Amino acid sequence: MLDGKTILITGASSGIGAAAARLLADTGANLMLAARREDRLKELRASLPHASNRIALFVGDVCDTTFSEASVKATLDAFGGLDGAFNNAGTLGEMGPVPDMSMETWNHVVATNLNSAFLAAKYQIPAMRERGGGSIVFTSSFVGHTIGFPGMAAYAAAKAGLVGLTQVLAVEHGPENIRVNALLPGGTKTEMGGDDPAFREYIAGLHALKRMAEPQEIAKAAAFLLSDASSFVTGSAMLCDGGNS
Ligand code: NDP
């Protein structure tokens, strides 16, 4: 369903974004993979030799206000259009209670997770308009939606903000056949939360399925939202969190 479509993925160097890249590479889509760690992006592309001529790389920091415009331009230059965007880059930042949280931490976490989404939409929508439609997916989180997680105030506020942004964009751009959805993963086994077994067991216990997600399970939900399989889905906050327990 994505054969010949062009998809931009941010946060593609590891975890959920890398899993999405592997999954979408098998669909015949053209992929622009973006992140800061160029070595990891190159390793990923090398691991997908069957798709390497359909994969381009963009190295940059989503906190840089030129990132979105430049990454869209690079995508248009490489593939001639943009049909979908998985805006997935994110960070937990330095965690701690609000009285101890610095303004710098707050600003960094909000810039990475939320401001980047505003800029993504600002430049991706005009490119999708040229194609007669498209699909934008933001990676939000169960944190800030179904659970208040201590120490994550900036992260939760930014991820909840993505849901509000999604709802407005969906209404603004539905008439142009541009769909916008937020994907809310539960605890997922990636670099983000670290690999401490006790912490992973705690997170697993928060979900009805009593386990954490594999990155590929979240990637499948992203692929659904990016593809025509979800052609009547827009403005949604799609939980993919193993159930709230
Ligand atoms: P990872 O740490 O594996 O991936 C994070 C990705 O974001 C990396 O590719 C990283 O690339 C990129 N990234 C981070 N900061 C920046 C930046 N400033 N500029 C550009 N790229 C950046 O974790 P996940 O795969 O788990 O995270 C993916 C998304 O899923 C995030 O938005 C996260 O908040 C969300 N999420 C994760 C959950 C979990 O339990 N893991 C649960 C719910 C949501 P690089 O460092 O190379 O730039």
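Reply: Start in the loop between α5 and β6, where Asn177 is found. This is a predicted model, and Asn177 has a positive phi of about 65° in it, although Asn177 is not a glycine. Most residues other than glycine have a negative phi. Asn177 counts as partly exposed because its relative accessible area is 48%, and the band for that label lies between 20% and 50%.

Lys210 sits in the loop between α6 (197–205) and α7. Its phi is near 55°, again a positive value in a residue other than glycine.

Strand β6 covers residues 178–185. Its partner β7 runs parallel to it, and 4 bridges join the two. Across this pairing, Leu184 stands opposite Leu239 in β7.

Val180 lies in strand β6. Is Val180 buried or exposed? Its relative accessibility is 0%, so Val180 counts as buried; the limit for that label is under 20%. What does Val180 touch, beyond residues up to four places away in sequence? The list holds Ile136, Phe138, Thr166, Leu169, Ala170, Thr234, Gly235 and Ser236. Ala219 is 39 residues from Val180 in sequence. In space, 16 Å lie between the two, C-alpha to C-alpha.

Thr139 is buried, because its relative accessible area is 6%. Its side chain makes a polar contact with the side chain of Asn88, at 2.9 Å. Leaving aside neighbours within four places in sequence, Thr139 is in contact with Phe86, Asn87, Asn88, Lys159, Leu162, Leu183 and Pro185.

Step back to the whole sheet. It is open and has 7 strands, in the order β3-β2-β1-β4-β5-β6-β7. The pairing is parallel. Strands of a sheet pair through backbone hydrogen bonds, either parallel or antiparallel. The edge strands are β3 (55–59) and β7 (237–240), each pairing on one side only. From one strand to the next, the twist averages 20°. Helix α2 (residues 38–46) lies across β2 (30–35) and β3. It runs at about 175° to β3.

Last, the nonpolar cores. In soluble globular proteins, nonpolar side chains tend to be buried together. The largest nonpolar core here has 31 residues. Which of them touch the most other members? They are Ile7, Ile9, Leu24, Leu31, Leu33, Phe86 and Leu183. At least two residues of this core come from each of β1 (6–10), α1 (15–25), β2, α2 and α7 (215–226). Apart from this core lies another, of 23 residues, including Ala34, Ala56, Phe67 and Leu162.

Not counting residues up to four places away in sequence, Ile9 touches Gly17, Ala20, Ala21, Leu24, Leu31, Met32, Leu33, Ala34 and Phe86.

Note on methods. Residues are numbered from 1 along each chain as its sequence is written. This is a predicted model: local features need pLDDT of at least 70, side-chain atom pairs count only at pLDDT 80 or more; totals for chains, interfaces and linings use all residues. Side-chain values use heavy atoms; hydrogens and water are left out. Two strands pair if DSSP finds at least two bridges between them. Axes are lines fitted to C-alpha atoms, for helices over the stretch in contact, and angles run from 0 to 180 degrees between N-to-C directions. Contact means heavy atoms within 4.5 Å. Buried means under 20% relative accessible area, exposed over 50%, partly exposed in between (1.4 Å probe, protein chains only). A polar contact is a pair of N or O atoms within 3.5 Å; within protein, one must be able to donate a hydrogen and the other to accept it, and residues adjacent in sequence count only if both atoms are side-chain atoms. A nonpolar core is a set of buried Ala, Val, Leu, Ile, Met, Phe, Trp, Tyr and Cys residues joined through side-chain atoms within 4.5 Å.
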